[in-house]
Amino acid sequence: MDLFLTAIGLLLLSSLAGIGCRRGSRLWSRTALVSLLAGCLLGLAAVTLILSAGKPVTLRLPWPVPGGGLSLRIDGLAAVFLYPALLITAAGGLYAEGYWPVTARPGSGSWLRCFYPLLAAGILLVLTADNPVLFLFAWEVMALAGFLLVVTDRNDEEPLRAGFIYLAATHAGTLALFGMFALLATLHPDALLLPQAASLSGATTTADAVFLLALLGFGLKAGLMPLHIWLPGAHAAAPSNVSALMSGVMIKVGIYGLLRTTGFFIDVPAWWGWTVLGLGLVSAVLGVAFAIAQHDLKRLLAFHSVENIGIILLGLGTALLGRSYGMPAMVVLGTAGALLHVVNHGLFKALLFLSGGAVIHATGSRRLTDYGGLLRSMPLTGLFFLGGAAAICGLPPLNGFVSEWLVYLGLFQAAGHGATTPPVALLALPGLAMTGGLALLCFAKVFGISFLGASRPEMPGHEPPASMLLPMGVLLAGCIWIGVAPATMLPLLDRAITAWLGGTADHTALAHLAPAGEISRLALLLLLFAGLGGLYARPRKGKRIPISVTWGCGCKLSLPRARYSASSFAEMIVGFFDWALQTHTSRPTDRTPFPAREPFSSHTPDGVLDLLLRPAASRLVETTGHLRRAIQNGLVGFYLLYSALALLALLLFAGQ
Amino acid sequence: MQNLPDFILIAVILLNFFLLGTSRLGACVQAVALQGALLSLLPPILSGPSVHALSLAGGAFCLKGIVIPALLLRAIRKLDINREIEPRLGYIPTLLLVALTTAGAFVFGDRLPLLAAHLNSLVIPASLSTLAAGFLTLITRRKAITQVLGYLIFENGIFVFGMLLAEAMPLMVEAGVLLDMLVAIFVMGIVMNHINREFSSSIDTDHLNLLRE
């Protein structure tokens, strides 16, 4: 635990390293980076040591705050979240050296280096806090550091707008969490600590209220479908390494909170599981549908975060249903799927954001339509992006496949031999399958439009420096490792499931339920075939490869601009989901044989934010504005009337 | 002779009705003057002709009955404004409101925990209804001059309330209140002059709402 505290201290040191240094000096950024990397490595070592010791480690120190105490706890559940958090923090910190150098951008570069470690430290503290007040404190540190990072780039109005939406959303969530912890304190005697796992009864109204508040508070952070309003804007506006940390780690803290909270209760009502399963299904399917309709690379990736949160929730819902209906296999597989997907999504989403950031860094644009043929100028970035894309689509032999496979196995249990769960749970299966297929389509679109096809002379692109390539390589290696050797992850997951179920409950080891060895063999076989295929199809000497326009529409045009665009590629699917997406398209109307020049544009508004919340908010502002103008009308007589009425009300009140 | 205070108080209440029911400004000022003069008779009647009471009465009579009305009448003549046109609330609704507040004052006065000596006197209802009338004048009338009249009526209501404490009220306090009034009237006079100059031939306070934001 000392090691872990030192790690957090090093992160804070990295955040404060700039005090006393010249603004934008190289010394500062070096100190900050070294301190950050040392902190992350130390944290990884600490978590590994604690895990190898075999039992949860706690720290109890007094804290002179009402209801507060410096209580930390690292158990298996926290460890699953801590590993990707530390890894991605380190990767993003190193990446910033090439992506957002202080020498080129002294102001915002220093800003980024100050708050990035703070966000990481807040996340680590939330994941280990064992005291409600400390949890909320760390939660706010994380939320505010996140806001400050979203508004890093102040040359533009967009980050500020996205930042304020994020701030409003996260504070609404914090409000719900305050309510949740207040209710939780009435349920268990020792208010200084969070409840032990499986120590409370879930069959009370208070427990239901706690669950709903947790779903609101943590759901807003996690970005599940109706509560995802802040996510696309904030992820798109933030610098790419911040997007990676937010999408890969910070939104998972919401999942962590949801897991921790549901773990407090021993008998879980069935409707909790159904709610989580339903929300997960909606988030997964609609998340990917929205992603397909996006033209902005980072918004697209952000909607994929919503989709993956949906997949994680599907796993969690399966586990909760398993607990309600007494199906231990469902519990173990569902939790394992959800937890492994947390790790996996952290890895491949960070990889995608970093490689996407490299593309944006090289081209200066976030619009997919501006890219084309980038694989020639940035082959390594293209390879990393392809790896991340294959992982997020759930393709073997990468890690996304393993966790989705665990969720599938868990859901299949609902219909297996001796199942007591209503088979309705099976309906989540086609949803999950559809999500995977649509994700594949989406990334075929992104990769095809950006990296394949004819090069755009006006957007040449160039390979990023090694400080940006190295983090991507590490993350891709992580993806491949989990994909090829998932058995190495099972002990960690077992430990986390034990922590979630409470120490007393014995559960079947994951290795008995999920034949991870088969996956390894299959993955190796697949790699072998791929290797052989590549060897066979390798460019041979003396044989010329004909070069033509890839997306030529069957038309002999040599213009690189005349090709499939992001919106035309996705048009059919967007049409299928029109009921949810409400895409505005303005298309040419001239049907004559020789049409004049006409523009085409399509735009997909965010259903909840743009069509519901924004009009409602502006209506509210308008109404209250009218009301205020009516009340404060500048006529002295009215003001006197108000004081007379107030006096009268006081008299009546006193006369009671 | 025993009923004289009650007559005076009833006259004050009736004057309230008259004030809110008429549109002629001159008559309004005269009614307020009459109200103030009548009220200034109260202290010696209620608490006996002591030096304290007599000086109080004399000061109040001079200021409220003579000086301030004279100033106001002069202002009306100078500005050539005779009527309150377009009050915010019409005369009939205002009268109804005055009737309501007066009735409320009587009901409320009965429920106050008073000393036994004041239990059945008209002082409390008269005071409350005069306060309400002053408030209503301030709220429903637009002209600066009627605003001044509203404050005067308000002050009359406070003066009636002070009757309960006539023995206890130090001379200086009452003198201070009267002085405040006088200063307020002067300020209002200056304001009226300025409104008149700025918005030619009108002393409508509705022009003074630019600072509302």
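User: Happy to dig into this predicted model with you. Why is A:Leu321 called buried?

Analyst: A:Leu321 has 30 other C-beta atoms within 10 Å. The cut-off for buried is 20 or more, so A:Leu321 counts as buried. The residue sits in helix 11 (residues 297-324) of chain A.

User: Which residues is A:Leu321 in contact with, leaving aside its neighbours within four places in sequence?

Analyst: Those are A:Ala270, A:Gly273, A:Leu277, A:Met330, A:Thr421 and A:Ala425. By contrast, A:Ser240 is 37 Å from A:Leu321, C-alpha to C-alpha, and 81 residues apart in sequence.

User: What makes the span of helix 10 of chain A agree with expectation?

Analyst: Helix 10 covers residues 270-292, which is 23 residues. At 1.5 Å a residue the helix should span 33 Å, and its end C-alpha atoms are 33 Å apart, so the two agree. As for cover, 17 of the 23 residues in helix 10 of chain A are buried, which leaves the helix mostly covered.

User: Which residues of helix 7 and helix 9 of chain A meet?

Analyst: Among them, helix 7 of chain A brings A:Val210, A:Phe218 and A:Lys221, while helix 9 of chain A brings A:Ile251, A:Gly254 and A:Thr261. By class, this contact has nine nonpolar, four polar and one charged residues.

User: What makes A:Ala198 and A:Gln582 worth a look in terms of phi?

Analyst: Most residues other than glycine have a negative phi. A:Ala198 has a phi near 55°, a positive value, and A:Gln582 has a positive phi of about 55° although it is not a glycine. A:Ala198 lies in the loop between helix 6 (158-187) and helix 7 (205-222) of chain A. A:Gln582 lies in the loop between helix 23 (578-581) and strand 3 (584-586) of chain A.

User: Why are A:Ala198 and A:Gln582 called partly exposed?

Analyst: Buried needs 20 or more neighbours and exposed needs 12 or fewer. A:Ala198 has 19 other C-beta atoms within 10 Å, so it is partly exposed. A:Gln582 has 15 inside 10 Å, so it is partly exposed too.

User: Where is there a cis peptide bond?

Analyst: The bond from A:Pro396 to A:Pro397 is cis, with omega near 5°. A:Pro397 lies in the loop between helix 14 (379-392) and helix 15 (399-412) of chain A.

Terms used:
Residues numbered from 1 in each chain as written. Chains lettered and ligands numbered in written order. Predicted model: local features only at pLDDT ≥ 70, side-chain atom pairs only at ≥ 80, totals over all residues. Helix = DSSP H or I, 4+ residues; strand = E, 2+ residues; numbered from the N terminus. Expected span 1.5 Å × (residues − 1). Contact = placed C-beta atoms within 7 Å. Nonpolar A, V, L, I, M, F, W, Y, C, P; charged D, E, K, R; others polar.
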